[in-house]
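The sequence and structure are shown first.

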Amino acid sequence: MQIRRILLSEYKLVIPLFNAYRVFYKQAPDMELAESYIKARLQNNESVIFVALVDVNGAAIPAGFTQLYPRLSSVRATKNWLLNDLYVDANFRKQGIGEALIKTAMDFARTDGATYLKLETAVDNYTAQSLYESIGFIKTEAGESFFTYQIQL
């Protein structure tokens, strides 16, 4: 498995994954929307996206991705990161890809000078909650539909 940050020219690598991620969160499938959204985030330097590539019969196949957005704090005069999207294709789950993507995001945020990484997940996404907690994320807020987790870097 290889994890790397994608460039604007590589945005199409994550379009099917991003579409599937949205469907997982009960949105209608829409490849055109997925493409325009991802492309715009990268064109405008509004997010950072990492993709996990796995070798399948000699071809590098996108198996998962994570997308991070900056969170600025005027009072603290810092930039931290929100791990907003994390998705691993069902065919590649239980292989450590999600954990590797999270740890890559943590390394990126730490190198960027962030003091924490924050994320949210659905209250019924028990698999994700277990993964986040095993890595060291602490639940900081419990909402009606989502839990918020944070890890100090």
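How do the residues of the lining of the second largest pocket divide into nonpolar, polar and charged?

## Second largest pocket

The model is predicted. In the second largest pocket, the lining divides into seven nonpolar, two polar and three charged residues. Its lining residues are Arg5, Ile6, Leu7, Leu8, Leu42, Asn45, Glu46, Ser47, Val48, Pro70, Lys79 and Trp81. The space in this pocket is about 200 Å³.

## Largest pocket

About 640 Å³ of space lies in the largest pocket. Its lining has 28 residues, and those nearest the centre are Leu86, Asn125, Thr127, Ala128 and Leu131. Two or more lining residues come from each of helix H1 (15-24), E4, H3, E5 and H4. E4 gives the largest share, seven residues.

By type, the lining of the largest pocket holds 15 nonpolar, eight polar and five charged residues.

## Nonpolar cores

The largest nonpolar core has 28 residues, and the members touching the most others are Trp81, Ile97, Ile102, Leu117, Tyr132 and Phe137. Strands E2 (48-56), E3 (59-73), E4 (78-88), E5 (116-122) and E7 (146-152) each give two or more residues to this core, as do helices H3 (97-111) and H4 (126-135). The largest share, seven residues, is from H3.

Beyond its neighbours within four places in sequence, Ile97 is in contact with Met1, Ala52, Val54, Ala63, Val88 and Phe92. In soluble globular proteins, nonpolar side chains tend to be buried together.

Methods:
Residues are numbered from 1 along each chain as its sequence is written. This is a predicted model: local features need pLDDT of at least 70, side-chain atom pairs count only at pLDDT 80 or more; totals for chains, interfaces and linings use all residues. Side-chain values use heavy atoms; hydrogens and water are left out. A nonpolar core is a set of buried Ala, Val, Leu, Ile, Met, Phe, Trp, Tyr and Cys residues joined through side-chain atoms within 4.5 Å. Buried means under 20% relative accessible area, exposed over 50%, partly exposed in between (1.4 Å probe, protein chains only). Helices (H or I, at least four residues) and strands (E, at least two) are DSSP runs, numbered from the N terminus. Contact means heavy atoms within 4.5 Å. On a 1 Å grid over the protein atoms alone, a cavity is a set of points where a 1.4 Å probe fits but cannot get out, and a pocket is an open set with protein on both sides within 12 Å along at least five of seven lines; lining residues have an atom within 4 Å of a point. Grid points are joined across faces, edges and corners, and a volume is the space filled by probe spheres set on the points. Ala, Val, Leu, Ile, Met, Phe, Trp, Tyr, Cys and Pro count as nonpolar, Asp, Glu, Lys and Arg as charged, and the others, Gly among them, as polar.
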